[in-house]
Amino acid sequence: MKSQLRKILPNKIINQITNMRFRMKSILSRYMAKNRFTSALYYFIFDFQYHREQQATLAGKNTYQANEGVFEKSSALLRRNTHRLEKGLIMVPRKPIFAESYIIETVNCLSQCLHLNTIEPAELKWAQDVLEKYFKSVDHCSVIKQANELFEKLPLVDSQSSIQSIPYLYSERIISNIDSKALHQLFKQRRSTRWFDNKPVDIQVIKQAVEMASQAPSACNRQPFQFYTITDAKKASKIAAIPMGTKGFAENIQALLVIVGDLSAYPKERDRHVIYIDGGLVAMQLMLAFESLGLSTCPINWPDIELYEKQMDKALSLEKHQRPIMLMAVGYGEKDGGIPFSQKKSAEQLIKEIS
Ligand SMILES: Cc1cc2nc3c(=O)[nH]c(=O)nc-3n(C[C@H](O)[C@H](O)[C@H](O)COP(=O)(O)O)c2cc1C
């Protein structure tokens, strides 16, 4: 719009219009922020910043519904319901009957996933092991009896493993041998690194780091993200140059991960922020995993700007319900490259005690 106006109007007039628009918007925003209705009106009429997010949320909801929460390699619905069953199984005291409202849905979803033949076997095993445990543990009221009958007819996946993917005791959990001092050192070792050796990053190392990072928590264990991975240094630099935070060092990036959130994991708007939370948590684990494998990283901000969004959608062939969350440069840190000191806030500054 602005570039079209530039063709027909002198720059001075364009600048005056831009300034007037800016002033008008800042006056309006002050008044319209006073309640939700006028705020919504403001973003409907004067500022379109939230439109993409709204479209992505709606597209996600529609895609979820059209697929009934089941996608090619994973099912958001199966993962969520299996998680809910596991929570029910560990409740103290455990209820003799629970999950009546969604047990038929869960068994039907597992059936759909089994017939698809494309879902990750470990995901199917988790669901079927938990369901087996559930049916052994609860009283069989009519709904649960019906669900159990459906479950028993399913062509369950054959598991080689004798280990059951079911809840276990806290005392049986894996214990790491890292003490807090070593962990603190690792946190300090990880620093945003912008200068890398001219050395390719093997996809196998990235897979190893992602495998480690995937242990991150996520809402209802849905893990609604994917890592779009570019190990070709030239292409990595080109995509890394799309957002503005990489000026001056994009050319130096050896490998790049774009963490993409998927809003089709949710049937309801209330969960629209979860992709950013889960994506942020896994990104942190990923950076530490890389660090432990001898690689360094730099998180890169993804600003919601029309032009960049279009470029990234095209570069990665993203769907409307997918949102880039952030980018991550990965490589072997250059010995003589600089690292900003980046003073951290103290616990004193960060903790607000509530009595
Ligand atoms: C979400 C996020 C976005 C960031 N975006 C950029 C970026 O675009 N460009 C950049 O050079 N650094 C970026 N950083 C790195 C920060 O500048 C850096 O984390 C911060 O200054 C603290 O330094 P440290 O990571 O070494 O502890 C980003 C960090 C985060 C967490």
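1. M328 touches L256, L257, I259, A283, L286, T297, P299 and I300, leaving aside residues up to four places away in sequence. A contact here means that two C-beta atoms, placed from the backbone, lie within 7 Å. The model is a predicted one, in which local features need pLDDT of at least 70 and side-chain atom pairs count only at pLDDT 80 or more, while totals for chains, interfaces and linings use all residues. Residue numbers start from 1 along each chain as its sequence is written.

2. M328 is also one of the residues, together with A240, L256 and V330, that touch the most other members of the largest nonpolar core, a set of 63 residues. Helix α12 (residues 274-292) supplies the largest share of this core, seven residues. Because domain 2 (69-152) and domain 3 (180-331) both contribute residues, the core lies between them. Such a core is a set of buried Ala, Val, Leu, Ile, Met, Phe, Trp, Tyr and Cys residues joined through C-beta atoms within 7 Å. A residue is buried if 20 or more other C-beta atoms lie within 10 Å of its own, exposed if 12 or fewer, and partly exposed in between.

3. The domain assignment, which is automatic or taken from a database, also gives domain 1 (2-47). The centres of domain 1 and domain 3, taken over C-alpha atoms, are separated by 34 Å.

4. In helix α11 (residues 233-240), the buried residues are A233, A236, I239 and A240. Seen down the helix axis, they fall within an arc of 130°, so they line one face of α11; the arc is that of the directions from the axis to the C-beta atoms. Their packing partners are β1 (225-230), β2 (255-262), β3 (296-301), α13 (306-316) and β4 (322-331). Helices (H or I, at least four residues) and strands (E, at least two) are DSSP runs numbered from the N terminus.

5. Helix α8 (residues 142-152) has I144, A147 and F151 buried. These residues cover an arc of only 60° around the axis, which puts them on the same side of α8. S142, K145, E149 and E152 are exposed on the other side. The buried residues of α8 pack against α6 (103-116) and α7 (121-137).

6. Around the ligand stand R191, S192, R194, G245, T246, C298, P299, I300, N301, M326 and S342, each with its C-beta atom within 6 Å of the ligand. Strand β3 gives the most to this shell, with four residues.
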